[in-house]
Amino acid sequence: MTLATRITAGNLTVVAILLGLAGYFLRGLEELGRVQKQTTESMPLVATGAQSLQLEVREWLDFVKRGILFGAADHAERTRQREEEIRQALPTLRRPIDDPAFDPQSAQDFVELLKVLADRWRILEKAADLPELPTEEKARERQRLAWEAELAAAAEPVQQTLGDIAHLARELARRGPEKRFERAQRRAIRTSLWAAVIAAVLALAVALGVLRSATKPLQRLARGTRAIASGDLSYRVEPEGSPEVRGLARDFNAMADRLYELDRLKSDFVSSVSHDLKAPLASIAETTSLMLEGLPGPLTPKQTRLLSLNLESARRLGQMIENLLDLSRIEAGALALQFTRLDLAQLAGQAVDQLRGLIDKKGLTVSVDGAPDTGVLEGDAAALRRALGNLVANAVSFSPTGGQIEIQIRPRARESVEILVADQGPGVPDSEKERIFQRFYRSQHGARGPGTGIGLAIARAIVEAHGGVLWVRDGVTGGSVFSCLLPRSRRAPLELS
């Protein structure tokens, strides 16, 4: 699925969720309307129906009484029809309480009244049965009057119950809307809130899913770009995600492969050239030394000075070539270390002696400060001497004429040793504090001395091969301070506290 398709599908899903939420709201409004209709229409109809039944019962009683007086067959039939109509009309009073939205307490009141009405109606029906009257006129009149009184007594509760039903219906029509609307409103609000919460969660999940599917592959590409920029040419990106991102990942990997191949060719070329230059350069330096010793014959002062400069340049070039060879061995993983017990103070002094010519030429003052046995540890003497020499050479290159370089050796925790090389140079900007340890990188800040830009990279590689760390920070009064922290033995963990 392409990225555009994913975004479109996610947007359509969010739209569907919003439409569902709107449906929930419409459902709540529909319920409120239904409650209003029932309250404003059903209950008044019930009250009217109850009042109509009161009149019908009264008329029916009149028919019953007239039937006794006249005894006509058609009159008795009409009386039975009226009675049947009333019996069929009674259940219609129950219709409003069959609605689920009807107030439960009001429904219970209606049920009770309807039960009472049904019981009283049965009594009235039984009382309405015409008794067999005697033939004697006075006895007949007395029994008829007694029957009419009994019928009126049975009819009165029915009329009263119908009046109660009408009164309750009118009361509910008056006060019912408020309670029923409140209840329906709470139900609608509760339903709408749940719908809103569910819709929000689903919309957020869809949005996060689309965002994750779109940004996760791009984040991997960004990490790969940063890794390549920092010098890790072995980083590769897994081709995942949409077709566009997979194609971009394949192009990125192809670029990284090409850069890796170019870097390998460059390293092989530098290693080969450095190795080939080492032997003739050593021969030039040796020949110059012999000439300075006067073996071919005496030299004039001018010749001696020129040959001395030539020898110094040859040694400096030899140091550069040695650094290039060391870098090639480090990159090939062929840096073999011979661990022995050594003293960092002694190695620092040897590194300073190797650079004495440059130090004296710039009029620098170099001090090595460390208590006896403070810098004793296990390590490769030649490799650590090279690392310290590169740190001191860097300080010499960037220190101003007549400046001071301080080398301090001090214990750090119990099983670690720290060596500090502080100069009075222009310092290192924060943006370059990590980049200066990359091979062939030379800072653009301040005056640059001679070199290839690999001395600090070699120093860090040697320190890390010993299980230590190397970093740079700003000096208190200016300049830079290179801190090298080393464990005292290969078995001792590095303590950074």
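In helix α10, the residues G455, L456, A457, I458, A459, R460, A461, I462 and V463 are buried, meaning under 20% relative accessible area, with exposed over 50% and partly exposed in between (1.4 Å probe, protein chains only). The helix spans residues 455–465 and is mostly covered, with nine of its eleven residues buried. Helices (H or I, at least four residues) and strands (E, at least two) are DSSP runs, numbered from the N terminus. Just after α10, G467 takes a positive phi of about 85°.

This is a predicted model: local features need pLDDT of at least 70, side-chain atom pairs count only at pLDDT 80 or more, and totals for chains, interfaces and linings use all residues. Residues are numbered from 1 along each chain as its sequence is written, and side-chain values use heavy atoms, with hydrogens and water left out.

R460 of α10 is buried. R460 also lies over the face of F437, at 4.0 Å from the ring centre. The rule here asks for NZ of Lys or CZ of Arg within 6 Å of the ring centre and within 35 degrees of the ring normal.

Rings of Phe, Tyr and Trp (its six-membered ring) pair if their centres lie within 6.5 Å; planes under 30 degrees apart count as stacked, over 60 as edge-to-face and the rest as tilted. The count comes to one aromatic pair. F437 and F482 form it edge-to-face, at 6.2 Å centre to centre and 75° between the planes. The pair links distant parts of the chain, 45 residues apart: F437 sits in the loop between β5 (416–422) and α10, F482 in strand β7 (residues 480–487). F437 is buried at a relative accessible area of 7%. F482 is buried as well, at 2%.

Next, the core. A nonpolar core is a set of buried Ala, Val, Leu, Ile, Met, Phe, Trp, Tyr and Cys residues joined through side-chain atoms within 4.5 Å. The largest one has 43 residues, and L344, L384, I407 and I436 have the most contacts inside it. At least two residues of this core come from each of α6 (301–331), α7 (344–354), α9 (381–398), β4 (404–412), β5, α10, β6 (469–474) and β7. Helix α9 gives the largest share, eight residues.

Now the charges. A salt bridge is a side-chain nitrogen of Lys or Arg within 4 Å of a carboxyl oxygen of Asp or Glu. The whole structure holds seven salt bridges, including those tabulated here.

| Salt bridge | N to O distance |
|---|---|
| R236 and D257 | 2.6 Å |
| K433 and D430 | 2.8 Å |
| R412 and E418 | 3.3 Å |

D257 lies in helix α5 and R236 in the loop between α4 (137–229) and α5, so their bridge ties together parts 21 residues apart in sequence. D257 is partly exposed at 40% relative accessibility, and R236 is partly exposed at 31%. K433 is buried at 16%, whereas D430 is exposed at 62%. R412 is partly exposed at 22%, whereas E418 is buried at 3%. R410, R412 and E418 are linked in a network of salt bridges.

Last, the surface. M255, L259, L262 and L265 make a nonpolar patch of about 310 Å². Patches take residues with over 30% relative accessible area and no salt bridge; like charges are joined within 9 Å, nonpolar side chains (Val, Leu, Ile, Met, Phe, Trp, Tyr) within 5 Å. Areas follow the Shrake-Rupley method with a 1.4 Å probe. L259 belongs to helix α5 (residues 243–292). L259 counts as partly exposed, at 31% relative accessibility.
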